[in-house]
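Here is a short report on charged side-chain pairs. Please look at the structure below, then read on.

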Amino acid sequence: MKSVFDIYDDASLLRKKLIEEATETEKIRAENLLTLHPELKKQYDELCRQNGLNDSFIRYDRYSSKDAYSRFLRKVGSVNVSKDKPRRMFYRWYSAAAIILILIGVFAVWKMTSVQKPISNELTILSPGTKKGQILLPNGKTLNIGPKNINMVFGGVRVTYHQGLLSYVPVQIDLSDSTSAASQLNTFVIPRGGENTVLLADGTTVHLNAASELRFPMRFGSGQRVVELKGEAYFEVKKDAEHPFVVKTRYGEVTVLGTAFNVNAYDDRQRCEVTLVKGRVRFTTPTKECVELDPGEQALSTGSLVQKRLVDVEDYVSWTKGVYNFHNESLSNIISTFSKWYDVEVVYDSSDIASQTYTGTVRRYDTMNAFLDVFEMTGDFSYHVEGRCVYLSRRNKGKSE
């Protein structure tokens, strides 16, 4: 039986087909999905007919997505499902839920692009992050990284930004310039609601997540290749056995020769996770406790103690591929991740909400509204948005939904 996250994923696929943004492969998947669920196909075809989507929007305009779910949950809750017909009832529930999610997703896009007069009860759309950041230069100046291309030579290194990639490429210079560049430290700052990628002078690629900082030399010297990280980053290190690559965090150091791994070292989580995809790394705490990792293993540290465990690496690196995988993850950790990516603050009215665990996959570039609507559909909590703050409230189980 499909989970709430599965319904969300199916609805996202059909939404892309509906607004003609699906790839050929996604179109085939969508057609197969509709074939498997005749009730869903019937409702989807209704949206596709002339004026079908507009008619749905007219109804949708009258209330927020939260109200839509409240009405939907009341309707589902009022149906008495007999023991001999649970499967049929599920498919009716699944189809209705998927259609609501499609409407919410398309409505969000429509709201962001429409030049029409704003409607009453206007939704606050919490959009995903974008590629942006700032470089703090050694001379104290700040260089904004965004939609504009950059091409400059600084300290004997050509610094460019093009199509979402910041790169440092040494140019032909004399030895004195090379030594100078090795001592010139840049800091790449990614704000909340941002992400970006940097190609270091040695050929190492670093994908930086929201609310993260990477401090690195413009050009590496003759010893270790040392960088400093705050936040989360995925590293694809250029192999150089004579010059080990070292990532320093407040929780300890990661030492590698050539490999791919993820480091999550946000201050607000009070722990560091080093997840190895390929190669081999050693993680050392400030108290010199250390572990060596093989692919599929993770070092988990609070700064003084460290333990090694087997993990599904996709749960920790999927963000670099446009999705978030959660496996028995607490809502507080999920929301902590999302608050950085969507640049919002989240307030709980009950600690019980934060401790609930969930498993599933969420698309990184969808609005946060769609994500919250999925959770609200479970009946566990409701939410409302005020500016950049999201308020989560436990549902009163003693009253009708």
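## Lys321 and Glu314

Lys321 is exposed, at 55% relative accessibility; exposed means over 50% relative accessible area, buried under 20%, and partly exposed in between (1.4 Å probe, protein chains only). Its partner in a salt bridge is Glu314, at 2.8 Å from N to O. A salt bridge here is a side-chain nitrogen of Lys or Arg within 4 Å of a carboxyl oxygen of Asp or Glu. Glu314 is partly exposed, at 29%.

## Basis of the model

The model is predicted: local features need pLDDT of at least 70, side-chain atom pairs count only at pLDDT 80 or more, and totals for chains, interfaces and linings use all residues. Residues are numbered from 1 along each chain as its sequence is written, and side-chain values use heavy atoms, with hydrogens and water left out.

Glu297 and Lys308 form a salt bridge, 3.9 Å from N to O. Glu297 sits in strand 18 (residues 297-301) and Lys308 in strand 19 (residues 306-310), so the pair ties together parts 11 residues apart in sequence. Strands are DSSP runs (E, at least two residues), numbered from the N terminus. Glu297 is buried at 14%. Lys308 is partly exposed at 45%.

Glu228 and Arg215 form another salt bridge, with the closest N and O atoms 3.6 Å apart. This pair links distant parts of the chain: Glu228 is in strand 11 (residues 225-236), Arg215 in strand 10 (residues 212-217), 13 residues apart. Glu228 is partly exposed at 36%. Arg215 is partly exposed, also with 36%.

## Network and total

Salt bridges link Arg192, Asp343 and Glu345 in a network. How many salt bridges does the rule give? The count is 14.

Technical notes
Helix = DSSP H or I, 4+ residues; strand = E, 2+ residues; numbered from the N terminus.
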